[in-house]
Amino acid sequence: MSLTSVQLAPKLSTASIKKSWDVYTAFDWPETLPEDNWYMSPELMSLYGTEYFDSLSEAQQKKLSFTELCNFFSLVLQGERPLVQGLAHRLYLKTTEPPVSDYLHHFIDEENKHMIMFGMFLNRYFGKVYPEKKVTIPREYAKGEEDVAFLCKALVVEEYGEYYNVVMWHDKSLHPLVSEINRVHHFDETRHLAFGRARLVETFNEKSKNWSSDELQGFRDWLAAYLKSSWGDYYNPTMYKDAGLEDGYNLRQMALEHGRAHREKASEVLVNLLVENQILEHAPEL
Ligand SMILES: [Fe+2]
Ligand SMILES: [Fe+2]
């Protein structure tokens, strides 16, 4: 039997205390970053595998790897902002068990440090953070659905990001600062993911049993669309433009059409969790 989120929480808190780190001293920030370097693993880059990508010079590919990395760091940072907001909102609610509130403090602390870390990298070497693209359309929720949706959104940003973290942490061809940031992020994220997965399944089971079949279908439609639209953030036309490439919107379209297998692979852990627990009926189109 796997542990419940309430059973996990004190173990995760202990681990967070033991592995606590200082964002202001954890990294050596070089004055500048060399242009002639890879910053995102090529196989993670949105245009990888297209004829267009092969037609670029290595210098252009490396430049694009930098703006794609900056887009990745930006979208994770932008996803962590509402995550921290939602976690803070849940502190000390009657429905939040005391050990869970204790752990949420660590969760918030770690996400705050991640935002500082990404913000420092982006402002120092890129001079900006890409803005958030998501438009939130207000909608009616079934009872308890907002909680389930919050946990889903948290897991989407963390599971997609985790796939990239692990690949880049192990990629020796990348600039060492980039591998290190991904490594540090990964170690905090494994705890967030353990908590988030358990909490989502429990909350979904508890709340959804009172939903009508229309409400359940409405939630599942929203979630499938959310999984797909969250991938859209990885194909930012401005990052192509910032790498000196023309026609960002067409490049985005080309990359989206070409990248389905990559998106399915990178989402596999999350989609399996959702389907195995009947949060989704089947794997969505990504
Ligand atoms: Fe994070
Ligand atoms: Fe996280």
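Predicted model: local features only at pLDDT ≥ 70, side-chain atom pairs only at ≥ 80, totals over all residues.
1. Helices, meaning DSSP runs of H or I with at least four residues, and strands, meaning runs of E with at least two, are numbered from the N terminus.

2. Taken along the principal axes, the C-alpha atoms of the chain fill a box of roughly 55 × 45 × 35 Å, and 36% of the 286 residues count as buried. Among contacts between residues at least 6 apart in sequence, 79% join residues at least 24 apart.

3. How do two of the helices pack? Two packed helices are described by the angle between their axes and the distance between the axes. Helix α5, residues 145-170, and helix α7, residues 213-232, pack at an angle of about 25 degrees, with their axes 11 Å apart. Because angles under 35 degrees count as roughly parallel, α5 and α7 are roughly parallel to each other, and their crossing is right-handed. On the α5 side the contact is made by Glu 145, Val 148, Cys 152, Lys 153, Val 156 and Tyr 160, and on the α7 side by Phe 219, Leu 223, Tyr 226, Leu 227 and Ser 230. The residues of this contact divide into eight nonpolar, one polar and two charged.

4. Leaving aside residues up to four places away in sequence, Ala 26 touches Trp 21 and Val 184. Ala 26 and Glu 180 are 154 residues apart in sequence, while their C-alpha atoms are 9.4 Å apart in space.

5. Leu 280 belongs to the segment after α11 (268-276), and, with 19 C-beta neighbours inside 10 Å, Leu 280 counts as partly exposed, because a buried residue needs 20 or more. Not counting residues up to four places away in sequence, Leu 280 touches Arg 220, Leu 223, Ala 224, Leu 274 and Val 275. The C-alpha atoms of Leu 280 and Ala 224 are separated by 7.7 Å, although these residues are 56 apart along the chain. Leu 223, one of the residues touched by Leu 280, also takes part in the contact of α7 with α5.

Notes:
Residues numbered from 1 in each chain as written. Chains lettered and ligands numbered in written order. Buried ≥ 20, exposed ≤ 12 C-beta atoms within 10 Å, placed from the backbone. Contact = placed C-beta atoms within 7 Å. Axes fitted to C-alpha atoms, helices over the stretch in contact; angles between N-to-C directions. Parallel < 35°, antiparallel > 145°, perpendicular 65-115°, else oblique. Left-handed = near helix turned anticlockwise from the far one by under 90°. Nonpolar A, V, L, I, M, F, W, Y, C, P; charged D, E, K, R; others polar.
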